[in-house]
Amino acid sequence: MNNHKRKSYSLAFKIQAVERYLENEKNLKATATELDVHPATMKHWIQKGVDGLKEQLVNPESSRDAEIQRLKQELGRLTEENEILKKAVRMFAAQS
């Protein structure tokens with residue numbers, strides 16, 4: 001079993017990390033190593049961009065609302081899939 005604990009970074013740290021990457025014109029791996037961040041994590045932050053991260057920092061409510069909306073959609077999809085599976089189980093049970 002993997003006992004690796006996921007690191008959590010503040011929005012301010014993410015913004016500073018991306019700005020540092022952009023200002024120093026270093027490659028991704030070097031900047032990530034300097035900051036002790038996994039390169040894939042750093043790449044995600046860069047793709048999101050400084051403006052996107054700052055928007056989250058300034059307006060956390062809209063970010064939270066978007067996440068709630070995404071989760072509601074996923075819940076609806078999973079509920080529908082669950083109902084389909086229940087019907088399939090009943091159908092197969094009836095055939096036995």
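Is Glu83 buried, partly exposed or exposed? Glu83 is partly exposed, with a relative accessible area of 36% (buried is under 20% relative accessible area, exposed over 50%, partly exposed in between, with a 1.4 Å probe and protein chains only). This is a predicted model, where local features need pLDDT of at least 70 and side-chain atom pairs count only at pLDDT 80 or more, while totals for chains, interfaces and linings use all residues. Residues are numbered from 1 along each chain as its sequence is written, and side-chain values use heavy atoms, with hydrogens and water left out.

**Salt bridges in general**
- The count comes to five salt bridges, each being a side-chain nitrogen of Lys or Arg within 4 Å of a carboxyl oxygen of Asp or Glu.

**Inside helix α4**
- Lys86 pairs up with Glu83 in a salt bridge, with 3.7 Å between the closest N and O atoms.
- Both Lys86 and Glu83 sit in helix α4, three residues apart, or about one turn of the helix (helices are DSSP runs of H or I, at least four residues, and strands are runs of E, at least two, numbered from the N terminus).
- Lys86 is partly exposed, at 39% relative accessibility.
- Glu74 and Arg70 make another salt bridge, their closest N and O atoms 3.1 Å apart.
- That pair is also in α4 (residues 60-95), four residues apart.
- Glu74 is partly exposed at 32%, and Arg70 is partly exposed at 41%.

**Across the chain**
- Asp36 and Lys7 form a salt bridge with closest N and O atoms 3.0 Å apart.
- This one links distant parts of the chain, 29 residues apart: Asp36 is in the loop between α2 (28-35) and α3 (39-58), and Lys7 is in the segment before α1 (11-24).
- Asp36 counts as exposed at 53% relative accessibility, whereas Lys7 is partly exposed at 48%.
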